Every structure is written in C-alpha cells, then in structure tokens.
Amino acid sequence: MLNWLKRIGLAVIGLLIIAVMAVYFTLRQSLPALDGDRLVNQVEQPATLSRDALGQAIIQTASRKEAMYLLGFAHGQDRFFQMDLQRRVAGGELSEWLGKMALDVDKTGRFHEFRRRAENIFATLPEAQKDILVAYSEGVNQAIAEQSARPFEYILTNFEQAPWTPQDSILVIFSMYLDLQSNNVNRDLTLSEIQHQYGQTMVDFIVQPSQYQAALDNSRLATEVEIPLLKERPAEISDITADMAFRTETGSNNWIVGGALTETGDALLASDMHLSMRVPIIWYRAQLNYTEQQYDVSLTGVTLPGVPGVIAGTNGHIAWGFTNAYVDTADWVLIDRSEVTAVDETISVKGEPEHYKRLTSQYGPVRQLGTRFYALKWAAQEPYAVNLMLNELDTKLSVLEAIPVVRKIGIPVQNIALGDAAGNIAWMPAGAVPGRKVPHNTAITPAQLDGLWSSDEMDLPVVMNPTSHRIWTANARVMGSDDYLRFGDGGYALGARAQQIRDRLFDYQQFDEARFYQIQLDNEARFLQPWHALLRQLLKRNSGHFAADINALDTWQNCACADSVGYTLVKYFRRQVLNATFAPINEALKPKHLSLRSLSSNLEPAIWQLIRSESTQWLPQGENDWQGYLLGQYEQARQHLLDQHSASDDLSTLAWGKVNQQAIRHPFAGQIPVIGKALNMPEIPGYGDTFMPAVQGRSFGASQRLFVRPGQLDKAVLTLPGGQSGHPLSAFYKAGFDDYAKHRMTPLLPGKPLHTLTFMPE
C-alpha cells in the first residue's frame with residue numbers, strides 16, 4: 001500500500017513539474033525579440049531601438065514621427081497588457097475581457113461616452129498629430145504581430161488581443177482624466193446633495209479653507225465659518241457603516257529652484273507624481289533621439305504606455321514635471337425630467353450582452369438622485385480635452401519659448417514646473433481648462449450655464465522667476481486668491497504637504513540632486529503634531545490604563561518611521577474621530593450612492609472647529625462632553641488596530657512599517673495559486689504617509705522620482721518603483737525596483753545599450 005501511495009505521489013509531482021515546465025516554455029515563447037533587423041515601411045532611414053541594463057528604450061530615428069513609431073513598438077513589446085487595461089477602462093469595454101466584475105467600471109466609461117469622444121477628437125486633430133497617432137499605433141501592432149505567443153494575462157483569461165488604434169491612445173489619456181479628475185466630479189455632486197439636505201451653511205463648513213496654505217504669492221483665504229446645526233443623529237451607527245472609506249490622499253510633489261540656488265547656474269527640477277501603483281508600473285523610461293525642424297532632439301524621461309511622447313523629462317535645454325492642479329473643471333446642472341433622454345446601452349460581458357439604460361441630455365450625461373436630475377459639464381467631455389501639443393516642447397530651448405506651447409496642451413489640467421539651462425523657472429496650469437468664468441461647488445441651473453464652456457481658456461496665470469528663486473506645487477492651491485476665485489476648487493489637497501515642501505526649500509540656499517532627494521523622502525509628521533498633543537493629553541488623564549500607549553506616544557519620533565508605534569496610534573485616532581463625527585452626514589448620502597470619501601481631505605479644519613468649540617450638538621446620543629467622546633473614539637481605533645494586526649494587546653505589532661507596508665501587486669497575482677505572488681514587487685516597510693512629502697500608502701505612492709538640471713544631465717536622477725517590462729521572465733521585470741525600495745538614485749540617462757533592434761526602410 002505504501003509503495004502505491006509513493007508511486008501516486010511521485011506521479012503527481014511529475015505532473016506538476018511537467019505543468020510548470022509547460023507554463024515556463026509558453027511564457028518564454030511570449031518574450032519579445034530585443035535584437036535583430038527588420039524591414040518596415042514606417043522609416044525612411046535606418047532607425048534603432050536599443051535597451052540598456054534597466055531596459056530603458058533608447059530610440060534613434062530621423063524624425064519625430066518615426067520616433068513615435070518605435071516608441072509604440074517598444075510599448076507594445078513591454079507593456080501591452082497595461083495599455084489594454086487603460087483603453088478598456090475609459091472605453092467601457094473591460095467586461096468583455098474580465099466579466100461582470102468590471103461592469104461598474106464599464107458603466108462609468110459609457111456614462112462619459114469616451115469612445116465616441118475619442119473618435120470625434122481624432123477626426124479634428126491637426127494632420128501632424130494624426131500622423132503621430134497612426135505611426136504609434138502601427139508600431140504597437142507591429143510588436144503584437146511579432147509575438148510567438150500571447151502574454152500570460154491573455155492565456156490565463158483565454159482572451160485575444162485586439163489591435164491598437166489611434167483613438168485608443170486618446171482613450172488612455174481619458175483614463176487619466178478618470179484617475180486625476182473624478183474626485184472633482186464626485187465632490188461637486190456630493191456637495192450638491194449636502195446642500196439639498198443640510199443647506200449652504202453645511203457646505204461652507206465642510207469646504208472651509210484650512211490653516212495649511214502655501215500659495216506661491218503667500219495669499220491666504222479666510223478660514224473658519226459658522227458651525228451648522230446637525231440633523232438628529234441615528235441612535236447607533238456601526239463601525240462598518242460609519243466608515244467613509246477615506247479617499248487616498250492626493251499626492252504629487254513638484255518643485256524647482258532657479259539658477260541662483262545651484263552651483264552650475266541652471267534650474268533644478270524635482271518631479272514626483274504620486275499615483276495608485278500596481279505591476280507593471282505606470283511609467284516607462286525612454287530616450288527619443290531624432291531631428292525636428294532642423295533641431296537635433298534628445299528627449300529623456302518618462303512615457304505613458306499607450307500615448308506617444310515624453311510626459312515628464314528634459315530635452316537638455318528645458319525640463320518639466322507635473323502635479324495634478326485640482327482647479328475646478330466640472331459643473332453639475334440641475335435639469336427638469338423632461339430634458340432627460342434614456343439611451344439603450346449594451347455592454348459585452350465575455351460575449352454575452354448586458355442591457356441597461358443610460359441617461360443623457362443636451363447638457364451632458366445625467367445622474368439621477370431621488371427625483372432630481374443632474375447633467376454633467378466636464379472639461380474631459382469637450383473637444384479641447386485631448387491633443388498632442390506636449391510633444392511640441394521637444395524643440396524649445398527656454399522657459400519663455402515653452403510657455404506658449406503649454407497654454408495649448410490638451411491633458412487633464414496639471415501644475416507644470418518648467419526650468420531651463422539658463423536658470424529660468426516658471427509655473428502655470430497646463431491642460432484643458434474650461435473658458436467659463438464662474439466655477440461652482442454645487443449644482444447650477446441651465447440659466448447659469450456659461451456658453452464659454454465650449455472654449456479652452458488661454459488666459460492662464462503664470463509665475464516666472466519669482467524673487468525667492470523657488471517654485472513649489474503639491475496639489476494644494478498654488479495660484480493667488482484672486483485667480484482662485486476665477487479657477488475654483490476641484491478638490492485641492494489640504495496644503496500641509498505643500499507647506500512642508502515650501503519650508504524645506506527655504507532651509508537651504510543651494511541645492512543639488514541629493515538634497516532634493518532628501519526633501520522628497522521627508523517623513524516628518526508635522527501635520528499630526530496637534531493630534532499627537534491632543535491624544536497624549538487625553539491619555540495622561542487616564543495614565544493608569546494607557547501606560548504603554550503613552551510610552552508609544554512619547555517615543556513616536558515625530559515621523560512616519562517604520563518602527564514608530566505612536567505614529568500609527570495618532571493616525572488612526574484621527575481617522576476614527578473623523579469617521580464617527582461625520583458619520584450622520586455620510587449615512588444620509590448613502591441612499592444616493594454618494595459618500596464623504598471625495599471630501600475626506602477637506603474635513604480637517606471643520607473637525608478642529610468642533611473640538612475647540614466643544615459643541616455638544618454634534619455629539620452622539622449619550623455623550624455629554626468631547627473629552628469622554630474623544631477618549632472613546634481612541635479606544636475604538638486602538639481595538640480595531642489590534643484586531644486587524646495583532647492576536648494580543650502587544651502594541652509593538654502596530655509599528656507603522658508593518659501597518660503601512662507598501663505592496664505593489666500585479667492585478668492577476670491573486671488568480672494564480674502558489675506562484676502568483678512572484679508577479680508582485682517585494683513589499684516595502686512603511687516609511688511615509690499622507691500630508692508629508694514622502695507620500696506612501698499600501699498601494700499608493702511615488703510613481704517616479706525625477707531630479708534634473710537641463711544642463712547637467714549626467715547628474716540627473718530617475719528612480720521608478722518597478723521595471724520596464726511587464727513580462728515576468730524578462731530581465732527588466734523588476735530592474736530598478738531595488739533602487740526605489742532602498743532610496744538610491746538611479747541615473748536618468750540610459751547606460752550602455754545591451755540589445756538593439758534595427759529597422760530598415762523597405
């Protein structure tokens with residue numbers, strides 16, 4: 001009997017080995033060819049696509065158009081899975097691939113009609129931009145055609161890759177609108193519902209400006225408003241329903257100093273775009289070398305797979321980077337039911353049709369809240385939303401030359417920081433900004449709708465060469481208070497991070513790339529210091545019960561450091577207080593499928609106003625004073641943390657590095673037993689958090705760290721949280737990640753080419 005069991009066991013092991021080998025060899029077949037020659041009709045002279053030790057794409061061609069063809073080829077080889085996801089998210093076509101789990105995502109894309117809008121935009125683009133999109137798509141499709149086997153994501157789901165089209169690249173840019181501006185859309189609709197249920201006083205209370213303001217001109221908005229009365233609270237609100245699902249704190253840091261503050265006299269730029277992270281990472285390293293208008297162009301930086309061009313980087317004369325601007329680019333219009341049209345919509349769910357009704361109107365797509373109907377006006381839905389003007393920066397030799405190009409860029413509006421080799425620096429909004437003159441936080445009537453919505457605003461504010469020689473942006477208000485009234489608030493970050501960056505920039509009179517990197521990694525907990533003081537004071541009054549907690553607070557190190565237990569306690573104390581205090585409003589929004597999530601970063605000044613006023617009207621039934629209420633909230637937060645992270649009352653298990661461990665995962669890793677985890681990047685102990693320059697969450701953080709002086713590219717840095725290739729057997733799958741995890745400086749410029757593909761004209 002034992003011999004038979006042994007034989008069966010050996011047979012099972014043998015079958016497993018065979019299965020693993022079959023998977024391995026299938027995956028090997030899908031690795032792209034990185035060397036060799038090919039004849040194509042998209043180049044007029046020999047062109048090359050090389051890769052260095054990181055897999056960085058190094059492209060040498062005769063023209064911009066040919067460079068975009070080769071960039072499309074490189075993206076198609078290394079990142080087609082990522083590109084496919086993004087075009088399908090925007091187009092509302094993900095369910096065809098992933099099934100019903102993607103239906104809600106698809107309905108969002110269909111709500112905005114992005115596929116139709118992409119077709120319309122492509123038809124109206126200048127011919128040169130159309131040519132680039134066509135050339136890029138031909139490069140992508142050439143790479144797909146050369147595959148010996150489908151990428152594993154398609155084998156796993158038994159799905160065929162669809163060819164890339166020029167319109168798909170526009171859809172990828174629309175996917176960035178969804179990522180970067182959806183909060184503006186949701187925020188305004190949520191505020192409209194709050195206004196309907198509670199009145200304007202509550203709206204003003206929730207969106208009041210904070211003490212954390214760091215505009216470039218030092219202008220300040222008036223803070224603190226009237227505390228509104230709260231409608232009767234539910235007798236009990238469970239922990240589950242009280243949780244407002246905090247919005248991932250807006251992130252992205254961008255600053256620049258002028259030549260007076262560098263030893264070489266040229267500007268020095270820092271760009272650190274914070275985004276949700278997964279495998280493969282969002283950005284793709286590339287250097288594009290070509291001739292354009294008799295200029296020898298060498299563009300180096302990050303590209304977005306699916307889109308032709310360098311998004312952030314340098315041409316050796318100027319450098320630029322972005323943060324999300326959060327100006328108001330959306331309005332909801334309250335319309336009559338008679339103005340609403342129901343459209344039959346069909347989504348393919350793995351080949352099976354799913355039918356539903358989509359609401360629309362002459363003003364835009366429509367959301368129904370109870371008996372009310374709201375139509376959306378949003379810059380993303382306008383013809384000026386997308387273009388390829390960003391590519392025109394390739395031949396600009398100075399900040400002054402670049403500014404007219406920036407005014408015409410069609411992307412989700414960003415703060416752009418620009419610098420040049422002569423030491424000049426500038427900031428301005430870059431992207432699609434509606435020409436309407438009065439922005440609104442809450443819904444308007446059709447009579448209030450400005451006809452200038454159809455025009456792209458060209459009169460954008462600019463700050464150039466300030467006397468401080470310093471410019472900083474970090475998703476909070478950058479522009480002055482007068483411009484703020486014109487461009488509105490689309491969900492600005494609180495401002496604490498911007499203040500901390502500004503203050504760090506004034507700590508020194510000279511900067512280099514290493515010093516910039518240290519600012520980017522700054523995890524001092526300035527923002528949580530008042531919460532730390534409040535919690536410590538509460539616990540000191542009950543020191544016999546909270547001796548270990550007080551010790552953790554006394555040794556918290558005032559930072560989001562990996563071994564800080566005190567930081568975790570303070571962080572979750574604040575979250576619990578906000579959750580519980582604003583739970584009645586959040587509960588009132590839920591029947592309309594809304595929540596305070598889109599406003600969670602606005603609540604800081606309001607909660608402190610309540611705490612300091614000790615207004616008992618906002619306390620739950622049975623609570624008589626704020627001290628007891630706050631202590632009770634801490635006890636709930638503490639217990640929740642222990643339940644989630646510890647089997648005992650040992651607070652050491654709540655060290656921030658464990659609680660906030662960063663996990664950059666492949667979206668299909670969980671679908672593959674045992675070996676699926678190998679698709680993920682190694683986990684990183686938490687070292688940062690929200691409201692500080694070193695932004696880090698479980699799956700959110702620095703999508704790139706770029707530091708560059710246009711005239712000193714040999715010193716420039718570009719560190720990314722993952723590798724170039726999306727293929728798990730590629731040498732470039734995790735290449736460079738170790739530098740990111742260990743805070744090392746990866747060079748921006750490519751190294752020696754290790755592989756080269758040559759493209760010869762037919």
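Rings of Phe, Tyr and Trp (its six-membered ring) are taken to pair if their centres lie within 6.5 Å, planes under 30 degrees apart counting as stacked, over 60 as edge-to-face and the rest as tilted. The structure is a predicted model, in which local features need pLDDT of at least 70 and side-chain atom pairs count only at pLDDT 80 or more, whereas totals for chains, interfaces and linings use all residues. Residues are numbered from 1 along each chain as its sequence is written, and side-chain values use heavy atoms, with hydrogens and water left out.

A search of the whole structure for aromatic pairs returned 31. Ring pairs join Phe80, Phe81, Trp97, Tyr154, Phe159, Trp164 and Phe668 in a cluster. Charges over rings were also examined (NZ of Lys or CZ of Arg within 6 Å of the ring centre and within 35 degrees of the ring normal). Lys107 is placed over the face of Tyr356, 4.9 Å from the ring centre, and Arg486 is placed over the face of Phe487, at 4.4 Å from the ring centre.

Helices (H or I, at least four residues) and strands (E, at least two) are DSSP runs, numbered from the N terminus, and two strands pair if DSSP finds at least two bridges between them. Strand β7 (residues 284-292) pairs with strand β3 (residues 57-60) in parallel through four bridges, and with strand β8 (residues 295-303) in the antiparallel sense over nine bridges. Leu288 of β7 is the bridge partner of Ile59 and is also partnered by Leu299 in β8. Two residues separate β7 from β8 in a hairpin, and Gln293 in the turn has a positive phi of about 50 degrees. Burial is assigned by relative accessible area (buried under 20%, exposed over 50%, partly exposed in between; 1.4 Å probe, protein chains only). Eight of the nine residues of β7 are buried, so the strand is largely enclosed by the rest of the structure.

Side chains of opposite charge can pair when their charged atoms come close. With a salt bridge defined as a side-chain nitrogen of Lys or Arg within 4 Å of a carboxyl oxygen of Asp or Glu, 45 were found in the whole structure. Asp84, Arg87, Arg88, Glu93, Glu96, Arg115 and Asp168 are linked by such contacts in a network. Glu113 and Arg116 form a salt bridge at 3.1 Å, N to O; Glu113 is buried at 18% relative accessible area, while Arg116 is partly exposed at 40%.

Asp489 and Arg187 form a salt bridge at 3.4 Å, N to O. This pair links distant parts of the chain, 302 residues apart, with Asp489 in the loop between α12 (481-487) and α13 (496-505) and Arg187 in helix α8 (residues 166-198). Asp489 is buried, at 9% relative accessible area, and Arg187 is buried, at 0%. In the salt bridge between Glu524 and Arg504, the closest N and O atoms are 2.5 Å apart. Because Glu524 lies in the loop between α14 (513-520) and α15 (529-540) and Arg504 in helix α13, the pair ties together parts 20 residues apart in sequence. Arg504 is buried, with a relative accessible area of 16%.

Leu400 belongs to helix α11 (residues 399-406) and counts as exposed at 59% relative accessibility.
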